[in-house]
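Here are my notes for you to read alongside the model. Have it open in your viewer and step through the points in order.

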Amino acid sequence: MRSAGAIAGVARGVVLGWALGGACAWAQPPAAAGDPYAQPRRALLAELRRQARDGAGEARIDPAALELLARVPRHAYVPAAQRAHAYANRPLAIGYGQTISQPYIVALMTSLAQPKPGQKILEVGTGSGYQAAVLAESGARVYTIEIVAPLAAQARQRLRRYRNVETRMGDGYYGWQEAAPFDAIVVTAAASSIPPPLLAQLKPGGRMVIPVGSSFHAQTLMRVSKDAAGRVRTRQVLPVRFVPLTGGR
Ligand code: SAH
């Protein structure tokens, strides 16, 4: 298994930006006064809205999730060298062999997590901090944990503006016991199976979104729900490609 790679979602019948060899429709955003990213951001949102409409079943994206994405400047969460591509619908390298997920996948995972004001959400794999920011825009309290120290430190700085986000450096395989239980858990790295500590930290009535698979080439995004009686139900959402979840030893 490679230790680094692109995160990508492969939607049924949907050709995604990253799959086109990195072609970027917005290589030269107009230098509009104020926000030079406004137009590429609008174009990305329009593309995501089209994809959201096309999604079927579990892969359907709630328009409310797209509104959350629209409020977060993705260019502020990528390295300077990647900023020109910040609004391309594909994953981007963030250093240390890690990636910021494709916007389509962030939208889908947010939609599946259904964040609501006042709820508690755990994210495993802070990375750039972008997914945490999107979840935080809902008004939920977000706990996000990252195992790579420099990424954790960088994301902590970026996320300081959110009073409803707590960051931590550590092994997210074990969750965040002191803050548990969570209404939703979003895991943004692929696990070979669902980590039992995370399942234990999920509230009855809660849901977990997690890519599961043993290699880069055979991963499935899963939606795991726990009913009021504590019974767990697992559904497949989409074939995906994430960097591996490390730790857990
Ligand atoms: N959610 C991120 C995507 C990050 S990629 C974003 O929006 O940018 C996945 C991240 O998971 C990587 O940064 C990787 O270092 C981290 N990771 C992998 N295993 C982990 C573990 N056991 N605990 C916490 N983070 C982990």
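1. Ground rules. This is a predicted model, so to speak: local features need pLDDT of at least 70, side-chain atom pairs count only at pLDDT 80 or more, and totals for chains, interfaces and linings use all residues. Residues are numbered from 1 along each chain as its sequence is written.

2. The overall picture. The protein chain has six helices and 10 strands; helices (H or I, at least four residues) and strands (E, at least two) are DSSP runs, numbered from the N terminus. Of its 249 residues, 47% count as buried. Buried here is 20 or more other C-beta atoms within 10 Å of a residue's own, exposed is 12 or fewer, and partly exposed is in between, with C-beta atoms placed from the backbone. Among contacts between residues at least 6 apart in sequence, 56% join residues at least 24 apart; a contact means C-beta atoms, placed from the backbone, within 7 Å.

3. The core. The largest nonpolar core has 68 residues. Such a core is a set of buried Ala, Val, Leu, Ile, Met, Phe, Trp, Tyr and Cys residues joined through C-beta atoms within 7 Å. Ala 107, Ile 121, Leu 135, Ile 185, Val 186, Val 187 and Val 209 have the most contacts inside it. Helix 3 (residues 103-113) gives the most to this core, eight residues. Take a look at Val 209: leaving aside neighbours within four places in sequence, Val 209 touches Met 109, Leu 112, Ala 113, Val 186, Val 187, Leu 221 and Arg 223.

4. Around the ligand. Which residues come nearest to the ligand? Of the 24 around it, they are Gly 125, Gly 127, Ser 128, Gly 172 and Gly 247. A residue counts as near if its C-beta atom, placed from the backbone, lies within 6 Å. Strand 3 (98-100), helix 4 (130-136) and strand 5 (141-146) are the elements that give two or more residues to this shell, and strand 3 has the largest share, with three. By class the shell has 11 nonpolar, 11 polar and two charged residues. For that tally, Ala, Val, Leu, Ile, Met, Phe, Trp, Tyr, Cys and Pro are nonpolar, Asp, Glu, Lys and Arg are charged, and the others, Gly among them, are polar.

5. Helix 1. Residues 38-54 make up this 17-residue helix, which reaches 25 Å from its first C-alpha to its last, close to the 24 Å expected at 1.5 Å a residue (the expected span is 1.5 Å times one less than the number of residues). Pro 40, Arg 41, Leu 44, Leu 48, Gln 51 and Ala 52 are buried. They sit on the same side of helix 1 because they cover an arc of only 115 degrees around the axis, the arc being that of the directions from the helix axis to the C-beta atoms. Arg 42, Ala 46, Arg 50 and Arg 53 are exposed on the face turned away from the buried side. Helix 2 (63-70) and helix 3 are among what covers the buried residues of helix 1.

6. Helix 2. Which residues of helix 2 are buried? Ala 65, Leu 68 and Leu 69 are, and they lie on the same side of helix 2 because their arc around the axis is only 100 degrees. Pro 63 and Glu 67 are exposed on the face turned away from that side. The cover over the buried residues of helix 2 includes helix 1, helix 3 and helix 4.

7. A cis peptide bond joins Ala 180 and Pro 181, with omega about 5 degrees; Pro 181 is in the loop between strand 6 (165-169) and strand 7 (182-187). Tyr 96 has phi near 60 degrees, a positive value in a residue other than glycine, and lies in the loop between strand 2 (92-95) and strand 3. Gln 114, also not a glycine, has a positive phi of about 50 degrees and is in the loop between helix 3 and strand 4 (120-124).

8. One loop glycine. Gly 139 is in the loop between helix 4 and strand 5. Is Gly 139 buried or partly exposed? Gly 139 is partly exposed, because 14 other C-beta atoms lie within 10 Å. Beyond neighbours within four places in sequence, Gly 139 is in contact with Pro 117, Gly 118 and Asn 164.

Technical notes
Two residues are in contact if their C-beta atoms, placed from the backbone, lie within 7 Å.
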